[in-house]
Amino acid sequence: MKLTTKGHYAVKALLDLSLQPNFKPTSVRAIALRQDIPAPYLEKILIKIRHAGLINSVRGSQGGYQLAYETNQISLGQILEAVGENLESMPLGINNQNTSTDWVTVALWRKLNQKIKQAIYSITLADLYYDARSRQASQGEENNFIV
């Protein structure tokens, strides 16, 4: 499995939303500035995540995006899936048992894929939040946090 820029930015953006006091709405521009992400690209990513139901959009001068659920209810797998990331790790050419690759290799990769998916879906935004806050505190940073 390879984490693309889109997946990386999606995780960074949701982590940024989780770091906002009381999960208040935050503008795309503010997230983009804090996380050093191009705003137009971030907007496209956030629209996909909103369509997946993980965030809400709030209109108005104090509007923006906010989490739709508590951080412990949003998994890394859900975020990556929302933006279309491929969560499969199986190397090309061995996803079919009819190839010259032996069945043991195929079975091994299937089990590895299953374990990786379980791990990705077991890591929540809350886990990442606490890791981010710990790192932030250890470095003496205030509110501006770049993931």
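Visitor: Where in the chain is Asn22 placed?
Guide: Asn22 sits in the loop between H1 and H2. The model is a predicted one.

Visitor: Why is Asn22 called exposed?
Guide: Its relative accessible area is 69%. The cut-off for exposed is over 50%, so Asn22 counts as exposed.

Visitor: What else marks Asn22 in its backbone?
Guide: Asn22 is not a glycine, yet its phi is positive, about 55°. Phe23 is not a glycine either and has a positive phi of about 50°. Phe23 also lies in the loop between H1 and H2.

Visitor: What makes Phe23 partly exposed?
Guide: The relative accessibility of Phe23 is 23%. Buried requires under 20% and exposed over 50%, so Phe23 falls in between.

Visitor: How many salt bridges does a search of the whole structure find?
Guide: The search finds 1 salt bridge.

Visitor: How do you know that Arg34 and Asp16 form a salt bridge?
Guide: The closest N and O atoms of Arg34 and Asp16 are 2.7 Å apart. The limit is 4 Å between a side-chain nitrogen of Lys or Arg and a carboxyl oxygen of Asp or Glu, so the pair qualifies. Arg34 belongs to helix H2 (residues 28–35) and Asp16 to helix H1, so the bridge ties together parts 18 residues apart in sequence.

Visitor: Why are Arg34 and Asp16 called buried?
Guide: Arg34 has a relative accessible area of 18%, and Asp16 has 1%.

Visitor: How do you know that the buried residues of H2 are on the same side?
Guide: The buried residues of H2 are Val28, Ile31, Ala32, Arg34 and Gln35. Around the axis they cover an arc of only 170°, which puts them on the same side of H2. Arg29 and Leu33 are exposed on the face turned away from that buried side. The cover over the buried residues of H2 includes H1, H3 and E2. Just after H2, Asp36 takes a positive phi of about 55°.

Visitor: What makes the length of H6 close to the expected span?
Guide: H6 has 14 residues, and its first and last C-alpha atoms are 20 Å apart, close to the 20 Å expected at 1.5 Å a residue.

Visitor: Why are the buried residues of H6 said to line one face of the helix?
Guide: Those residues are Leu125, Ala126, Tyr129, Ala132 and Gln136. Down the axis of H6 they fall within an arc of 120°, so they line one face. On the other side of H6, Tyr130, Asp131 and Ser138 are exposed. Helix H1 (5–18), strand E2 (64–67) and helix H4 (76–82) are among the elements that cover the buried residues of H6.

Visitor: Why are E1 and E2 called paired strands?
Guide: Strand E1 (residues 55–58) and E2 share 4 bridges in the antiparallel sense. Pairing needs at least two bridges, so E1 and E2 qualify. In one of these bridges, Val58 has Gly64 of E2 as its partner. E1 and E2 form a hairpin with 5 residues between them, and Gly60 in the turn has a positive phi of about 110°.

Visitor: Where is confidence lowest, and where is it highest?
Guide: In the protein chain, helix H6 (residues 125–138) has the lowest mean pLDDT, 83, and helix H3 (residues 39–51) the highest, 97. The mean pLDDT of the protein chain is 86.

Definitions and conventions
Residues numbered from 1 in each chain as written. Predicted model: local features only at pLDDT ≥ 70, side-chain atom pairs only at ≥ 80, totals over all residues. Heavy atoms only, no water. pLDDT = per-residue confidence, 0-100. Helix = DSSP H or I, 4+ residues; strand = E, 2+ residues; numbered from the N terminus. Expected span 1.5 Å × (residues − 1). Buried < 20%, exposed > 50% of the residue type's maximum accessible area, 1.4 Å probe, protein only. Arc of directions from axis to C-beta. Contact = heavy atoms within 4.5 Å.
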